[in-house]
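I opened my notebook today to look up a few things in one protein chain and to write down what I found.

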Amino acid sequence: MTTDTATDVFEEHRPVLMGVAYRMLGRVADAEDVVQEAWLRWTGADRSDVREPRGYLVRVTTRLAIDRLRQVQSRNEAYPGPWLPEPYVTDYEATVPDTAERAVLTDTVSLAVLVVLESLSPLERAVFVLREAFGYPYAEIAGMLDRTEPAVRQLAGRARRHVDERRPRYEVDPAERRELTERFLAAAAGGDLDGLMALLAPDVRLVADSGGLAKAPVRIIESADKVGRFLHGVSGQGLEDASFRFMEINGGFALVVLAAGKPDAVFQLDVADGRIQRIHIVRNPEKLLALPLDQ
């Protein structure tokens, strides 16, 4: 395999490798570092015996991600306030025409599921990602992780039960999310408290991640009354030269708030039965740097 061919092969599989690494780590920069290291391993390896490049590259990327995850897990233990994954721009609606496949990819990259995955062990997380997001057979995952197939099945079952027990119980309808996000922006930007309250489920929860680097609640806010009054209060404070963008982030419709042309916050709503059930807000400026605003 020539150098040019090796580069072409790697670039062909880069989106899958990035998808694995991001789901493992929840951080775009860490995922990019892992994929870059996988590239270095690929270019330095004896590729003459590699019959299935995609499987080889996914195995290398997964192992590197496990090592990185073990190194960075201590970050969240001392993280100020709630932790949310770094927003990751996706375009599944345009690039993944199959509804069933798109639903799986969207679910396994959603903010709510990635938060739950943070509480899994690195091996459990790897097995969950490879099995649930990318559909790898248990035997192949076992080979990637140097584990027996029964051990991998046990890890998969434990991870699946953990996620099912802790994930939100409602389904997110894309069209409904889009409509409510647009109505949410109109009510919040217009200072319409009654309009906001009408959109919120009685037990709505607001989770904000600032990393201690921006103003945001340090605890989860619960109930329509508290969430509505908080949003109404902060909407009245205003931002310098504020503007708004809608983007597909982590598989779902999201609102990006800009201040003087720079990302200030990402809002993503989980909705069901015509009401907002959960509001995720990312304000940590370090997690907003990678947003491509030229799209």
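**Entry 1: helix H12**

I began with the buried residues of H12, and I found that they pack against H10, helix H11 (193-199), S1, S2, S5 and S6. I noted that helices (H or I, at least four residues) and strands (E, at least two) are DSSP runs, numbered from the N terminus, and that contact means heavy atoms within 4.5 Å. The model is a predicted one, in which local features need pLDDT of at least 70 and side-chain atom pairs count only at pLDDT 80 or more, while totals for chains, interfaces and linings use all residues. Residues are numbered from 1 along each chain as its sequence is written, and side-chain values use heavy atoms, with hydrogens and water left out.

Which residues of H12 are buried? I listed Ala224, Val227, Gly228 and Leu231, where buried means under 20% relative accessible area, exposed over 50% and partly exposed in between, with a 1.4 Å probe and protein chains only. Looking down the axis of H12, I saw that its buried residues fall within an arc of 95 degrees, so they line one face of the helix; the arc is that of the directions from the helix axis to the C-beta atoms. On the other side of H12, Lys226 and Arg229 are exposed.

**Entry 2**

I then followed an open sheet of six strands, whose order is S2-S1-S6-S5-S4-S3 with mixed pairing; two strands pair if DSSP finds at least two bridges between them. Strand S2 (221-222) and strand S3 (242-249) stand at the edges with a single partner strand each, so one side of each has no neighbour in the sheet.

Strand S5 (residues 262-272) and strand S6 (residues 275-282) run antiparallel and are joined by seven bridges, and I found Phe267 opposite Ile281 in S6.

Helix H10 (residues 174-189) lies across S3, strand S4 (252-259), S5 and S6, at about 125 degrees to S5, whereas helix H12 (residues 224-235) lies across strand S1 (200-209), S2, S5 and S6, at about 50 degrees to S1. For these angles, axes are lines fitted to C-alpha atoms, for helices over the stretch in contact, and angles run from 0 to 180 degrees between N-to-C directions.

**Entry 3: single residues**

Phe244, in strand S3, is partly exposed at 39% relative accessible area. Phe244 and Val256 are twelve residues apart in sequence, yet their C-alpha atoms are 5.7 Å apart in space.

Most residues other than glycine have a negative phi. Asp273, however, has a positive phi of about 55 degrees although it is not a glycine; I found Asp273 in the loop between S5 and S6, where it is exposed, with a relative accessible area of 76%. Asp146 likewise has a positive phi of about 55 degrees, and Asp146 is in the loop between helix H8 (138-145) and helix H9 (149-166).
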